[in-house]
Amino acid sequence: MALSFAKDIRPLFREEDVDCMSSYGVLLDDPAWMRVPANAQSVYGAVSNGSMPPGSPWPEEQVKTFKRWMDEGLAA
Ligand code: HEM
């Protein structure tokens, strides 16, 4: 079953992630923004190199889930 933003990706972001990053124009809770390939790639870059979220890098499983969602075409 293909991954979807609403069911599988949105729940990966904490409220503090959404709140902190919205002031930088990084709209983690907005499917329209997140489904733009360049935006998804910038988020993937930050979580895969462990720079984001600051001080609490994602477990590998979560990074893989995000990558799979990208590879499957960024479904809503
Ligand atoms: C999963 C959670 C998060 C993701 C995916 C994320 C993603 C990103 C991305 C993609 C950027 C680069 C933005 C750009 O250059 O245009 C960024 C920058 C930044 N983020 Fe996050 N972020 C997350 C959580 C947080 C949290 C919780 C905070 C605050 C405590 C935070 C603080 C910052 C700051 C201060 C920058 C600017 C860094 C700089 O320009 O050097 N982020 N983040």
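Me: Why is M21 called buried?
Reply: M21 has 19% relative accessibility. Buried means under 20% relative accessible area, exposed over 50%, and partly exposed in between, with a 1.4 Å probe and protein chains only. Therefore M21 counts as buried. The model is a predicted one, where local features need pLDDT of at least 70, side-chain atom pairs count only at pLDDT 80 or more, and totals for chains, interfaces and linings use all residues. Residues are numbered from 1 along each chain as its sequence is written, and side-chain values use heavy atoms, with hydrogens and water left out.

Me: What does M52 count as?
Reply: M52 has 33% relative accessibility, so M52 counts as partly exposed.

Me: Why does N39 count as buried?
Reply: The value for N39 is 16% relative accessibility, so N39 counts as buried.

Me: What makes M21 and M52 donors of the iron atom of the ligand?
Reply: Donors are N, O and S atoms within 2.8 Å of the metal (3.2 Å for Na, K and Ca); water is not among the atoms, so sites may look incomplete. The SD atoms of M21 and M52 lie 2.3 to 2.4 Å from the iron atom, and these are its protein donors.

Me: Why is the site of the iron atom of the ligand called octahedral?
Reply: Six donors count as octahedral if opposite donors are over 155 degrees apart and all others between 65 and 115. The iron atom has 6 donor atoms, with angles of 84 to 178° among them, and the site is octahedral.

Key: Four donors count as tetrahedral if all angles lie between 85 and 135 degrees; four count as square planar and six as octahedral if opposite donors are over 155 degrees apart and all others between 65 and 115; anything else is irregular.
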